[in-house]
Number of protein chains: 2
Amino acid sequence: MDKAQDRKAWSLRGIIPENHPRRESLLIREKVVEGMMENVVVPQGLIAQGRGECFDYLLGERTQDFALRAIEVSAAMLVTAKSPVISVNGNMAALAAHEIVDLAKSIPAKLEVNLFYRDEERERAIERKLREAGAEEVLGVGKNASETIPELFSERRRVSKEGIYSADVVLLGLEDGDRTEALVRLQKKVIAIDLNPLSRTSLTATVTIVDNVVRAIPELKKKVQDVRNKDREELERLIKGFHNRDNLRSALRYMSERLAQLSLTL
Amino acid sequence: MDKAQDRKAWSLRGIIPENHPRRESLLIREKVVEGMMENVVVPQGLIAQGRGECFDYLLGERTQDFALRAIEVSAAMLVTAKSPVISVNGNMAALAAHEIVDLAKSIPAKLEVNLFYRDEERERAIERKLREAGAEEVLGVGKNASETIPELFSERRRVSKEGIYSADVVLLGLEDGDRTEALVRLQKKVIAIDLNPLSRTSLTATVTIVDNVVRAIPELKKKVQDVRNKDREELERLIKGFHNRDNLRSALRYMSERLAQLSLTL
């Protein structure tokens, strides 16, 4: 059995019992393992998935009120943006390629592949995944990532000129803190989807959606449709009234209370 | 560049800056990534590592009082055991092979490879890792795993006759809940090292050490040396006075309070 075969055998998707209490979470996990087999996800992405699972557990694996608030504000920012871009990395593509493409079309926003560990083969694998999910244009692949973000080292600063480089609003998920900070310094509005309310990305972003991308992205698409009916002034008021730190504090308090409650059930 | 080469390149151990605020945690992470390259760890093991990182963060990445209490009781159980066995899986071998071998010698306890995803090639890779770390005998590899634990399906129930099958005390880390339950039903005393105080393993084990194996195992070795000076009656009192659920509740309360405190710093 060669190595690739061996790795194929690692997927458990087919053998998780229908009635397993954690079936949903296990199926999501297998998507990321399969993503690694397809060269879409790196091993460090699996570790990130595990960290996410823990935080998601603390959220009760549901989109909570503070996330819904952030999602509504994000929708307002996206529909009022001049050049919104969705930055896609390996985990996002493995978990929610279809949902991302649907969201991009509904805004409409550009899609850009943006990897922490750059690797053209992997960029193309992610592009393929997005195209299979219906994307017509995918930026940031190969030579298209020709512009550089100042102050970031080596390959991590490369972005697409017509994508992130010229965007006013960037939506990203599961992103590295350094890069989020660099984008914010460039005066871009950054919407982050991150399960960890204490990550540097969460603390730095303009709006942080503390939720699982698998739930947050479809919810965001719904809200994009809802907020279209509101006038621009109302949307701007919505955006101005949002305080990211306060919202992150609500997320932390929720997690803290959930742990306290769980301790009473023991 | 072939696939194996490619995977080698995934390790970041050499490029994590000396002054990175999360250097320790990142270096531990790379050990697990390298463990996958050596066929010691499966992808699901990387996800487990990520979940652990999140819980460890909630512990302040320190061995807390409730863990020290559980470690002392575990030491008492191990030195008074007739046939103590340390059950080793891929993540444990990748993270703490030397520490496990040192602990086994100090008790003394047998070492047994025990995998959720059985695979003889991987068993041998783990055996190699333990032997390189100084182990003289490693049970549970290949034909040695000839006995079966009742009520567990397929390959997951196979254990060594002179190891876990006849053990009275089994120390395990990062274990699957089904197997922990099966061992407890067989009247074995189970000591679990698990960062998640709510996992089925944590709830089922006789003693749960809510701590990172990287810190807990050396601490346990120290305590094994300490408790040797106590007489048997005192050790038995120590064991009898320990209530695992109460201790798990302390761990959960600690995590809850830490999150509440962190929310105040935002």
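1. A disulfide is taken here as a pair of cysteine sulfur atoms within 2.5 Å. In general terms, a disulfide is a covalent bond between the sulfur atoms of two cysteines. The model under discussion is a predicted one, and over all chains it holds one disulfide. That disulfide joins A:Cys54 to B:Cys54, with an S to S distance of 2.4 Å.

2. The location of this link deserves attention. The pair crosses between chains, running from A:Cys54 in helix 3 (residues 43-58) of chain A to B:Cys54 in helix 3 of chain B. The link of A:Cys54 and B:Cys54 is left-handed, with -60° about the S-S bond.

3. The interface may be described next. In total, 39 residues of chain B are in contact with 40 residues of chain A. Of the interface residues of chain B, 97% are also interface residues in chain A, so the copies meet through the same surface. Between them, chain B and chain A bury about 3,800 Å², and 69% of this area is on carbon and sulfur atoms.

4. Specific pairings across the interface are as follows. Eleven residue pairs are in polar contact between chain B and chain A, counting pairs with both residues at pLDDT 80 or more. The count of salt bridges between chain B and chain A is two. A salt bridge is formed where the side chains of A:Arg51 and B:Glu53 meet, at 2.6 Å from N to O.

5. Which elements of chain B give two or more residues to the side that touches chain A? They are helix 1 (3-8), helix 2 (23-37), helix 3 (43-58) and helix 11 (244-265) of chain B. Helix 3 of chain B provides the largest share of that side, with twelve residues. By residue class, the side of chain B that touches chain A divides into 22 nonpolar, six polar and eleven charged residues.

6. Over all chains, the structure holds 30 salt bridges. One of them brings together the side chains of A:Glu72 and A:Lys230, at 3.3 Å from N to O. A:Glu72 lies in helix 4 (residues 65-80) of chain A, and A:Lys230 in the loop between helix 9 (213-227) and helix 10 (232-240) of chain A, so the pair ties together parts that are 158 residues apart in sequence.

7. Most residues other than glycine have a negative phi, and most peptide bonds are trans. In chain A, the peptide bond from A:Ile107 to A:Pro108 is cis, with omega near -10°, and A:Pro108 is found in the loop between helix 5 (90-106) and strand 2 (110-113) of chain A. In chain B, the bond from B:Ile107 to B:Pro108 is cis, with omega near -10°, and B:Pro108 lies in the loop between helix 5 (90-106) and strand 2 (110-113) of chain B.

8. A further backbone detail concerns A:Asn39, a residue other than glycine whose phi has a positive value, near 65°. A:Asn39 is placed in the loop between helix 2 (23-37) and helix 3 of chain A.

Terms used:
Residues numbered from 1 in each chain as written. Chains lettered and ligands numbered in written order. Predicted model: local features only at pLDDT ≥ 70, side-chain atom pairs only at ≥ 80, totals over all residues. Heavy atoms only, no water. Contact = heavy atoms within 4.5 Å. Buried area = accessible area lost by both parts, 1.4 Å probe. Salt bridge = Lys/Arg side-chain N within 4 Å of Asp/Glu carboxyl O. Polar contact = N/O pair within 3.5 Å; in protein donor to acceptor, adjacent residues only side chain to side chain. Helix = DSSP H or I, 4+ residues; strand = E, 2+ residues; numbered from the N terminus. Nonpolar A, V, L, I, M, F, W, Y, C, P; charged D, E, K, R; others polar.
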